[in-house]
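Thank you all for coming.

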Amino acid sequence: MTTNRLGNSDLELTPIGLGAWAIGGPGYAFGWGAQDDQDSINSINVALDAGMNWIDTAAVYGLGHSEKMVAEALVGRTDRPLIFTKCGRVWDESGQVGKCLTADSVRKECEDSLRRLKVDVIDLYQMHWPEPDDQVEAGWGEMAKLQREGKVRWIGVSNFSVSQMKRAQTIAPITSLQPPYSLIRREVEPEILPYCFEQGIGVINYAPMGSGLLTGSMNRERLSTLPDDDWRKKGVQFTEPNVTRNLMIAEMLKEIAAVHGRTAGEAAIAWTLHNPAITAAIVGIRQPSQVRGVIGAMDFRLTRAEIMAIESV
């Protein structure tokens, strides 16, 4: 299996890894609706058996529930994957999510994640959002301390601008950036991806399939049945005028992918992987059957002509 080195680390990543956001389940502001825990556990194991060697989660996904599901799925596995998680989002007893990057908070979040994940060390610890902005330096400094102490192996950032990355780099090197990047979310192309490429910062992009819009299985009927507690219900890409454009792009991807016996989702992922700044893509999976629709992206690459055809749409 081909792997790519992540930034300045010794981590070798398969081109796609499992994203564990949706398996956090409902009950908080950023949930994806109801999720069966056994489906989550089975999905993780099917994805790993298919060749993925890393999992990306976060403390806030399901208010700790996603991390617990990852730990439960890995019980008894000898081929344990690399485990990535994040800090910077905290919640109170009522489940209200807040933003905090103080040193004490980052350390407590790390200890809590280690306990939920049932590991001695986190392979990649990421600052989930640069918020509050005036706490970025304090939080990043503490993450560097956790790395020196051996509680985390490598440290990265998520959703950072170039200026925020430069601030962090004055304190400690950045191993990776995790930004949204897909055919329908391209804000990082002009400045952020070139900067990461130049600086040797690895990039693991999230939502390469547009949070389901580019899988080829999403349509207006299915959109209308999204539960009220699914964050996508009011997402800007899931409402007009964007949704008409996005579904048209998905149809284009479906046609191109069919020539190769692939899915639209695999073509969407492959499109992101053609950018030289991208190390690997995070692929959200919540049902074991979904693995079959994405695993081909491990080695599927679009031709130059196909990329140009997609760009024309």
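Predicted model: local features only at pLDDT ≥ 70, side-chain atom pairs only at ≥ 80, totals over all residues.

Let me begin with helix α8, where Asn242, Val243, Asn246, Leu247, Ile249, Ala250, Met252, Leu253, Ile256 and Ala257 are buried, and by buried I mean under 20% relative accessible area, with exposed meaning over 50% and partly exposed lying in between, for a 1.4 Å probe and protein chains only. Residues are numbered from 1 along each chain as its sequence is written, and side-chain values use heavy atoms, with hydrogens and water left out.

The helices (H or I, at least four residues) and strands (E, at least two) that I name are DSSP runs, numbered from the N terminus. Helix α8 covers residues 242–259, and its 18 residues reach 27 Å from the first C-alpha to the last, close to the 26 Å expected at 1.5 Å a residue; that expected span is 1.5 Å times one less than the number of residues in the helix. Just after α8 comes Gly261, which takes a positive phi of about 70°.

Another is Ala207, with phi near 55°, which lies in the loop between β11 (202–205) and α7 (220–224) and is partly exposed, with a relative accessible area of 23%.

Side chains of opposite charge can pair when their charged atoms come close. A salt bridge here is a side-chain nitrogen of Lys or Arg within 4 Å of a carboxyl oxygen of Asp or Glu, and a search of the whole structure finds 22 of them.

Which residue meets the side chain of Glu131 in a salt bridge? The partner is Lys99, at 3.7 Å from N to O. Lys99 lies in strand β7 (residues 97–99) and Glu131 in the loop between β8 and α4, so the pair ties together parts that are 32 residues apart in sequence. Lys99 is exposed, with a relative accessible area of 51%, whereas Glu131, at 24%, counts as partly exposed.

A further salt bridge joins the side chains of Arg107 and Glu149, at 3.0 Å from N to O. This pair links distant parts of the chain, with Arg107 in helix α3 (residues 103–117) and Glu149 in the loop between α4 and β9, 42 residues apart. Arg107 is partly exposed at 22% relative accessibility, and Glu149 is partly exposed at 42%.

Lys151 and Glu111 meet in a salt bridge as well, at 3.1 Å from N to O. Here Lys151 sits in the loop between α4 and β9 and Glu111 in helix α3, 40 residues apart. Lys151 is partly exposed at 23%, and Glu111 is partly exposed at 32%. Finally, salt bridges that share partners join Arg107, Glu142, Lys145 and Glu149 into one network.
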